[in-house]
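Thanks for making time this morning. I would like to walk you through one structure, beginning with the overall layout and then going through the contacts between side chains.

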Amino acid sequence: MVGKNLVCKEQVVSEEVVGEPWDVDTPLRKDEERRAAQVEIDAIVALSLGVTADELCMIYRTQFPVMRRYDQEDRFDANGRKVPKEIVKADAKLKDGAELSVADRTWVHPQSGVEYVYCCDRLFGSGVVTFG
């Protein structure tokens, strides 16, 4: 484990990607941040094992096709939250310039009953930005 006073390459990479240094007290509260951290950890481990980026991509494509499909389908709103599939599908059906109503952007968590309203003016995922 890296001590708090030591700077490791993971901290440098994190600072380049996120814009602030990472330490053990830094929470990853948003789904988008957690996914980026998972990708970053995979890449760092692969490089430390001598696996090139191309080889890692090939392993990912051939050994984990279901996970790859999920990653391609995942979308995040402007607040970094993973958008439920129902809202992504509704957003995809819109004509150019149309926007989802607040009711169509609202989702209730089935276990907690907490209501979320998603910002679908900017959905991010798989390198694609859609406006709707």
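This is a predicted model: local features need pLDDT of at least 70, side-chain atom pairs count only at pLDDT 80 or more; totals for chains, interfaces and linings use all residues.

**Layout and contacts of the chain**

Of the 132 residues in the protein chain, 18% count as buried, where buried means under 20% relative accessible area, exposed means over 50%, and partly exposed is what falls in between, all with a 1.4 Å probe and with protein chains only. Residues are numbered from 1 along each chain as its sequence is written, and side-chain values use heavy atoms, with hydrogens and water left out.

The protein chain has five helices and four strands, and from the N terminus on the elements run α-α-α-α-α-β-β-β-β. Helices (H or I, at least four residues) and strands (E, at least two) are DSSP runs, and they are numbered from the N terminus.

Let me turn to the charged pairs. Side chains of opposite charge can pair when their charged atoms come close. The structure holds six salt bridges, a salt bridge being a side-chain nitrogen of Lys or Arg within 4 Å of a carboxyl oxygen of Asp or Glu. In one of them, the side chains of Arg34 and Asp31 meet at 2.4 Å, N to O; both residues lie in helix H2 (residues 31-48), three residues apart, which is about one turn of the helix. Arg34 is partly exposed at 35% relative accessible area, and Asp31 also counts as partly exposed, at 29%.

What does the salt bridge between Asp71 and Arg35 tie together? The closest N and O atoms of this salt bridge are 3.6 Å apart, and because Asp71 lies in helix H4 and Arg35 in helix H2, the pair ties together parts that are 36 residues apart in sequence. Asp71 is buried, with a relative accessible area of 19%, whereas Arg35 is partly exposed at 27%.

A further salt bridge joins the side chains of Asp74 and Lys82, at 3.3 Å from N to O. Here Asp74 counts as buried at 10% relative accessibility, and Lys82 as partly exposed at 39%.

Next comes Asp77, which is placed in the loop between helix H4 (65-73) and helix H5 (85-92). Is Asp77 buried or exposed? Asp77 is buried, since its relative accessible area is 0%. Its side chain makes a polar contact with the side chain of Arg81, at 2.9 Å; a polar contact is a pair of N or O atoms within 3.5 Å, where within protein one must be able to donate a hydrogen and the other to accept it, and where residues adjacent in sequence count only if both atoms are side-chain atoms. A polar atom of the Asp77 side chain also lies 3.3 Å from the backbone nitrogen of Cys119.

Arg81 leads us on to the aromatic residues, as Arg81 lies over the face of Tyr118, at 4.8 Å from the ring centre. A charge sits over a ring if NZ of Lys or CZ of Arg is within 6 Å of the ring centre and within 35 degrees of the ring normal. The structure holds two aromatic pairs, and one of them is the tilted pair of Tyr116 and Tyr118, with 6.3 Å centre to centre and 35° between the planes. For such pairs, rings of Phe, Tyr and Trp (its six-membered ring) must have their centres within 6.5 Å, and planes under 30 degrees apart count as stacked, over 60 as edge-to-face and the rest as tilted. Tyr116 is partly exposed at 29%, whereas Tyr118 is buried at 5%, and ring pairs link Trp107, Tyr116 and Tyr118 into a cluster.

Val117 is placed in strand S2 (residues 115-117) and counts as partly exposed, at 34% relative accessibility. Val117 and Val102 are 15 residues apart in sequence, and their C-alpha atoms are 7.0 Å apart in space.
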